[in-house]
Amino acid sequence: MWVFDTETYRFLMVNHAAIDLYGYSEQEFLQMTIKDIRPAEQLPALESVLAQGRSAFNKAGDWVHKTKDGRLLHVEIASHTLPVHEGQGRRLVVIYDISARRQAEQQLQAAESLAQAILRNIEEIVFSMNENLEVTYVSPQCEENLGYRPEQFYQNKGLWLSLIHPEDRHLVEESLPLIKASQKQFQLELRAMTAHKGIRWQLIQCVATLNQAGEFVRLDGSIIDISKRKKAEHSLQFSDFSVERAAEAFLWTKPDGSIMRANAAACALLGYSKEELLKLSILDVDAQFKEDVWKWSQEDQSLAHETVFKNKAGRHFPVEIHLNHFRFDGEDYCFASIKDISTRKQAEAERTSLIEETVRQNEHLQQFAYIVSHNLRAPVANIVGLTSLYNREDLQDPINPVLINKLERTTKRLDSTIKDLNEILTIRSQTEKVLEPVNVEQILLDVRESIASQLNAGNATFSADFTQGNRVYGVKGYVHSIILNLILNAIKYSSPDRGLEIKIKTVLSDGYLCFMLQDNGLGIDLTRQQHKIFGLYRRFHPHIEGKGLGLHMAKTQVESIGGWIDVESAVNQGSTFKVYFQAYPRNE
Amino acid sequence: MNKYQRVFLIDDDEIHNFLCESVIRNHQFAEEVYSFLWAEEALKALSKIVEETPEKFPEIIFLDINMPGMDGWEFIEEYRKLPKELTAKCNLFVLSSAVDKKDITYARSLSEVRDFFSKPLTTEILEIISEVYAQE
């Protein structure tokens, strides 16, 4: 505060505050005029003010003053006229330093324009609403994003609500009470019906302001168009959904083999829950893991191979895998599409078995053709020959009764051959047989009883060992016939030099009970006869009657009940026949 | 009809051997007919002849194929090992009840086999043999 001379503008008096503010001493002040504390550019304005006649009290407004060290001061000035003293006009000036206020104002302005710049450049719409949820501010982006200008929101208070998709309005209605009751930030995703771009997904973030009484006073927030993200999300969801719903099992693995993702079908296939599966490695499920197949090969190359998978319960099953190695975001992955091929494998096995069966049938047919060719034709040829020799002119020719005798034998042989063939064909044609438990020990006793006289005549001795089992699964009649034929065979080919010894033993092995019958008879040179021994109408020893049917019949019968027959033999030492019967019922 | 000294019959079918002997005798086809039910025995007899009385080597052999023990094919393999000067003068015929083309073709492909005839042995067969094969 100071007083100056209205004529000379010299300072007449200054107070301490002025001295402190401007930096001049009192003596210095009193040597100066009020023009000396102004920057040069302000002088014309001052002079024009001073030239005007002024009222007693004047609020001179804001001015810029200069301190002793050249600093500019923003000041507000009020002055009023003092009474004339000794002919001297005086005026009291009160100065308020407003530099700080000015600076704050300028900073605020700068901040404001920065905020505006930000608001103009961000994608989001920024808005404010009052306690009545009327839009008090909305940033210009609303035109770009929603197709309405800010003024339209200010004029039409209900516009914002009408833009919300009817199906999403309930979201707003449900959330508003919560938003208005707290000062927490809320997020809403809803669809807006824009004026120019149709329906667009928007993310709204807002926070309410409450007064001290806890009453809602305003709402501030932002709105951003998330349609693109929503679309991407949707397509991702669509892919995920498809993958989850797929009937094929899918696994994703990292280069170390660890499973990082699996779909529902993969879980079902392997019997694990998703959580369990994600803790496993491909090594845990691939029972025939081959490293070169799973390790990184060529990108975008599909590799198909078959392997065997192991489920949680430990069951193994064949699968076909298509592996795709790919690189995503700098990481290597392997995507595997897995198909259970048990059914196919089974079908393949069935096909193989069918082929084997067909081949077998074909062999039988060939053999049958051969039998027809040889065994049926041989007696017929004899009949033709014998009848041609018959002396019709002289019925008393002594050759005639001989021929008749031979004709009879030949026709009987023919008849018996046809009967045998019929029997064999009957056994073979019954492919599906119901197997029953059969006690081979009991059957052996029955057989021995039925041929007791022959055994006694040959002085045969028996030893039998059934410690490894006497129960087989088969057809009782067949088992009887097999054992009978083997014993008859042993009697037939017993050595004339020594008494017949028959040793019988059972051996349990791999689901089969092997019925072993060893004799000390003539034996067979198997190096030459192996392929013929079980053939039809094969005989191996001179001077011994036989149709060569017994062993073939045994073979046919045991094969028809799921077993097989084998032989070991040495000339003049004896033979050992091994008949393998099923030891357990087939579980089918 | 040409008359031969010695004929061997090798067939496990006794009745057929009887039949052959009767036909051969009726037509005075040969002086002596020897029947063998087993190829092994026939081979043994031939080996003995080779060693002791080669001049008695048969001129005609009728061989069956399907026999127990050594069959016709195996017999031919052993027969092949006998001295060539003897077997060259002998006519070996396969006489079988087989009607299987494969057997017939195979029999005719063997150099030791002169021809293949289907059973039964008839006068016609004997005539063919004496007319065709005796010329050689």
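Analyst: Before we start, two strands count as paired here if DSSP finds at least two bridges between them. Helices (H or I, at least four residues) and strands (E, at least two) are DSSP runs, numbered from the N terminus.

User: Fine. What kind of model is it, and what are the pLDDT limits?

Analyst: It's a predicted model, where local features need pLDDT of at least 70 and side-chain atom pairs count only at pLDDT 80 or more, while totals for chains, interfaces and linings use all residues. Residues are numbered from 1 along each chain as its sequence is written, with chains lettered from A and ligands numbered from 1 in the order in which they are written.

User: What are the ipTM and pTM?

Analyst: ipTM is 0.83 and pTM is 0.48.

User: And what's the mean pLDDT of chain B?

Analyst: It's 88, with 96% of the residues of chain B at 70 or more; pLDDT is the predictor's confidence in each residue, from 0 to 100.

User: How many residues does each chain put into the contact?

Analyst: 19 from chain B and 19 from chain A, counting two residues as in contact if their C-beta atoms, placed from the backbone, lie within 7 Å.

User: Which element of chain B gives the most there?

Analyst: Helix α1 (residues 14-26) of chain B, with 5 residues. By class, that side of chain B has 10 nonpolar, 5 polar and 4 charged residues. Nonpolar covers Ala, Val, Leu, Ile, Met, Phe, Trp, Tyr, Cys and Pro, charged covers Asp, Glu, Lys and Arg, and the others, Gly among them, are polar.

User: Switching to chain A: what's the strand order in the open sheet of 5 strands?

Analyst: β12-β11-β15-β14-β13, paired antiparallel. β12 (259-262) and β13 (302-310) are the edge strands, each pairing on one side only.

User: How many bridges between β14 and β15 of chain A?

Analyst: 10, between β14 (residues 316-328) and β15 (residues 331-340) of chain A, again antiparallel. Ile321(A) sits opposite Ile338(A) in β15(A).

User: And β22 of chain A, which strand does it make a hairpin with?

Analyst: With β21(A), leaving 3 residues between them; Asn572(A) in the turn has a positive phi of about 65 degrees. β21 (residues 564-570) of chain A pairs antiparallel with β22(A) over 7 bridges. Strand β20 (residues 512-519) of chain A also runs antiparallel to β22 (residues 574-582) of chain A, joined by 7 bridges.

User: Which residues face Tyr580(A) in those pairings?

Analyst: Cys514(A) stands opposite Tyr580(A), and Trp564(A) has Tyr580(A) as its bridge partner.
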